[in-house]
Amino acid sequence: MPPRKPDATILDVARTAGVSAATVSRVLNGSGPVSPSARGRVEEAVERLRYMPNASAKSLRHLKTSTLAVIVSDILVSYYAEIVKGIENTAGALRYKILICDAQNQREKEADYMTLAMDRTVDGIILIAPMLGDAELAAYADRGYALGLIGRRIDHPAIPCVYTDNVGAATEAVAHLIGQGHEQIAFLSGFADATDSYERLEGYMKALRQASLPFRPELIDSGGFSESGGYEAFLRLRERSQSFTAVFAANDEMALGIYRACAELGIPIPAGMAVVGVDNNRVGKYVAPALSTIDPPKHAMGALLAEKLIDQLGEGRHAATRCFEVSSRLLVRGSSASGLT
């Protein structure tokens, strides 16, 4: 057996096997399909380098970095900034550092960043609105890697979670629009497989049912959680139907894209088009009229999750209460209510 390469990492294994780090991760975790050929090359590389995954290394060396990785889907979306600030403030008070990782809305890139735990770079990982599935995340936890989730709940005894009641908040937002006299309300979703997207769609549909209003599929479109995506989605909606008078957007970034589209089309807000978003983006207070939005306690969510994960790392055991639902509030401003600014 050749000597173990000093500080061999999962990236070394990936390069030696000629595969991605995510593929190595799937082989080591048993968390996804891998071709027999790729599996064989990974196993051969692990043996050749005498690579030791992080969970095993920690048990033998008691290695601790006092560092957490925070994986966000898109660093350009301002929603994440306050969450990260909450994580950083609490982590710093508990003498932990954080690394911020931008997955750029790519599952493969998110999986690549998960290797930071496996190659001993960090002690734990916090994922904000992760794209990886429950089975994949559970597989990491089952192998001893510490992770926590913000914006999603997973039923696993070793994974702390902090999340909001997306369905309830969305229902309240759409009910507000209905209360303003709107009966034809469009919905802009984010990514199809994002928890925030389908839970907010569920709340939108629930509010329609409660008001005995019909669901119209042609009034649903996806803006990918970006300003440009919201702009393009709104234009597509207008091409399909010009009967709607209000839009509920699944985040403020898309809502701001609606503002741009309405300005170009000469549609006044809210007289010609009422708009409600989600996240309480700081920019939303300064557009004219100010944007009505759902305000989740972003800083508190980050702080709470960091506290629970670091406590779990320090105590070496799992708290009896690991999932926490926090409440959001609807901020009604000028974009959805006449007479307000």
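Which residues does aspartate 279 touch, not counting residues up to four places away in sequence? In this predicted model, local features need pLDDT of at least 70 and side-chain atom pairs count only at pLDDT 80 or more, while totals for chains, interfaces and linings use all residues. Residues are numbered from 1 along each chain as its sequence is written, and side-chain values use heavy atoms, with hydrogens and water left out.

Aspartate 279 lies in the loop between strand 9 (274-278) and strand 10 (292-295); strands are DSSP runs of E, at least two residues, numbered from the N terminus. Its contacts (heavy atoms within 4.5 Å) are Tyr79, Arg200, Asn251, Asp252, Thr293, Ile294, Pro296 and Lys298.

Turning to strand 6 (residues 185-189), five of its five residues are buried. Ile185, Phe187 and Ser189 point one way, and Ala186 and Leu188 the other way. Strand 6 runs parallel to strand 8 (residues 246-249), joined by four bridges, and leucine 188 has alanine 249 as its bridge partner there. Strand 6 also pairs in the parallel sense with strand 7 (residues 220-222) over three bridges; pairing takes at least two DSSP bridges between two strands. In that pairing, phenylalanine 187 stands opposite isoleucine 220.

Technical notes
Buried < 20%, exposed > 50% of the residue type's maximum accessible area, 1.4 Å probe, protein only.
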